[in-house]
Amino acid sequence: MIADSDTRWKWGALTARRIDPDARLDARLLRGRATPTPRQLAELGIPADSMAELTAAEMLAGIDEESCDVVVVSCVGGTVQALLHGFARAWQGRPRRPLVVTGYVGVVYEKLADGLLLRAGADVVLANSADDARRFRDVYEGVGHPTVSIVETALPFLGGEPYRPHGADTERPFTVTFAVQPSAPEGRADRIHLLRRTVDHARQHPERAVLVKLRSKPGEHTTHIEEHPYQKLVAALDPPDNLSLVYGNMAEVLDRTDLLVTVSSTAALESLHRGIPTAVLTDLGIRESLGNHHFLGSGCFASWDELDDGYVPRAHPDWTAAHGVAALAPYAALRARVQSLLAEPELPRIAPYYTLRTAPGYLPGVLARHGLDPKGEPAGGLAPRDPGPVRRAVRDFVRNSARTAYRQGVQRVAPTIRRWGQL
C-alpha cells in the first residue's frame, strides 16, 4: 500500500483490509511535505507488517511481480498518474504483475475530471457511493475511456457503534463536536468566525461539552497545509471551561458525540453512518470552494444560530443511501472484482489515459515532479539513493524554514495586495 499523507494512509490501509483482512500489509509512505509522523500513524491505530518511507522512484525500483499481489495507491491524482506510468514501464513484458487499486479518500467535490483522468489506467478505481460511481462513469465515457475499472463501494472507515442518544448514557454530558478541516475554510477571518461561534455556543450551553476536533498538532502536516492553525486562533477567544481541543482517532471522538458540526469534513459521513445528528454549517455560505455543496439534499444544513436555538438536523434516508452512508454489503463488489482479476492468467498492460500523444504539454510535468522522465523511468535511469537520516534531517529543516519564510512573506504583503486590488 502506497500513501502520501495521514488521511490517505488511513484510507489505503483500511481499503486493503476490506479487500482481504488476513492479507499481509506492507506500507510504503511517499517521502514529502505531508509524510505522516509516527504520532499521526499511531493515532490512526492501523498496524502494518512493514513500513518504509521512500521516494516514488525508490518505490518503483522495489515493486515487482513477486513483491505483492495487489498495490493500493492512496495518493493525490498526480502521484497516482506518475506511479501508473512507472508501473507500466517497470512491468513491461512481464507475464504477471500486481493488481493496481486506487480511488478517492473522501468527498469528491472538486477537480472531478482532472482527478479521475489522472487515475485512469488503474485496474480498479473505487467510487465511494452510487452517486460517485455514476459521475465517474460519465467522465470516462465522455473521453472514451473504459468504465469497467470503476467499482462502487463505500469509504472504508465507515463503522463504529450505532449512536446511543444522550440520556442512554448518564456518565457524560450532551456533547457537541466541531470537526475542523485543514483547507475549508482557509482564510483567517472565516476560521475565527467559526471558532468564535463555537466558543459562543459553549458559553450559551454550559451544560454541554463542546469539543473542537483537530487534525494535527503544531508542526505536523496533513494533506493540506494550514496557514492559520485553529490551536493558535482559539487562545485569543478566552474559551470557557466546557470547551476542549481534542486530537485522536475520529471514531473514538464520535463514540461520545451527540451532535457533529462541520463545514464539509468526511467526519460528517462517519457521523451519519452511525446515526449521529450531523450539522453541515451554512455560516460561510453553501459554496463549491467549501465543499459543503456536496450535502445538498441531505437535510443536514444548519447555521450556528439555529444550533444555538436547539435545532437538530435529521438526514434524509434517500440521500444517505445514494451517497454511500447506509449501503448494504458495500465492499462485496470490490472483493469480487479483485478476486476476478487475480484469477486471470494474465493482466493487460497498464494503459493510462494520459500519454505523450494525448497530453504532451501536461504529462511530462506531472512525471517530472515525481522524479520520472517522460517515459516513466526514474530520471537518470537510477532510483535516488536514501540520503541517510542526518542529511534527510538537514534537508527537511531547510525546506521547512524556506516554507515558513515564504508564508510569513505572503502574510506581510497580503494587506498591500488587497489595497492594490481596491484601487
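Which residues in α4 meet which residues in α5?

Guide: A caution before the details: this is a predicted model. The protein chain averages a pLDDT of 86, and 85% of the residues score at least 70.

Now the pair. From α4 come Gly77, Gly78, Val80, Gln81 and Leu84. They meet Leu117, Leu118 and Arg119 of α5. Sorted by class, the contact has four nonpolar, three polar and one charged residues.

Next, the geometry. Helix α4 covers residues 77–90, and helix α5 covers residues 112–119. Their axes come within 7 Å. The crossing angle is roughly 20°. Angles under 35 degrees count as roughly parallel, so α4 and α5 are roughly parallel to each other. The crossing of α4 past α5 is left-handed.

Look at the loops around these helices. Lys111 sits in the loop between β5 and α5. Lys111 is not a glycine, yet its phi is positive, at about 50°.

The side chains of Arg97 and Asp123 meet at 2.8 Å, N to O. Arg97 lies in the loop between α4 and β5, and Asp123 in the loop between α5 and β6, so the pair ties together parts that are 26 residues apart in sequence. Side chains of opposite charge can pair when their charged atoms come close. The count for the model comes to 16 salt bridges.

For contrast, take another helix pair. Helix α1 (residues 6–19) and helix α13 (residues 332–342) have axes that come within 9 Å. They cross at roughly 75°. The range for roughly perpendicular is 65 to 115 degrees, so α1 and α13 are roughly perpendicular to each other. Thr15, Arg18 and Ile19 of α1 make the contact with Leu334, Arg335 and Val338 of α13. By class, that contact has three nonpolar, one polar and two charged residues.

One backbone detail lies elsewhere. Ala184 and Pro185 are joined by a cis peptide bond, with omega about 0°. Pro185 is in the loop between β8 and α7.

Finally, the stretches to treat with care. Over residues 381–386, pLDDT stays under 50. The model has eleven contacts beyond four places in sequence for residues 381–386. Over residues 402–423, pLDDT also stays under 50. There the model has eight such contacts beyond four places in sequence. Where pLDDT is low, the predicted coordinates should not be read in detail.

Note on methods: Residues are numbered from 1 along each chain as its sequence is written. This is a predicted model: local features need pLDDT of at least 70, side-chain atom pairs count only at pLDDT 80 or more; totals for chains, interfaces and linings use all residues. Side-chain values use heavy atoms; hydrogens and water are left out. Axes are lines fitted to C-alpha atoms, for helices over the stretch in contact, and angles run from 0 to 180 degrees between N-to-C directions. Helices (H or I, at least four residues) and strands (E, at least two) are DSSP runs, numbered from the N terminus. Angles under 35 degrees count as roughly parallel, over 145 as roughly antiparallel, 65 to 115 as roughly perpendicular and the rest as oblique. A crossing is left-handed if the near helix is turned anticlockwise from the far one by less than a right angle, and right-handed if clockwise. Contact means heavy atoms within 4.5 Å. Ala, Val, Leu, Ile, Met, Phe, Trp, Tyr, Cys and Pro count as nonpolar, Asp, Glu, Lys and Arg as charged, and the others, Gly among them, as polar. pLDDT is the predictor's confidence in each residue, from 0 to 100. A salt bridge is a side-chain nitrogen of Lys or Arg within 4 Å of a carboxyl oxygen of Asp or Glu.
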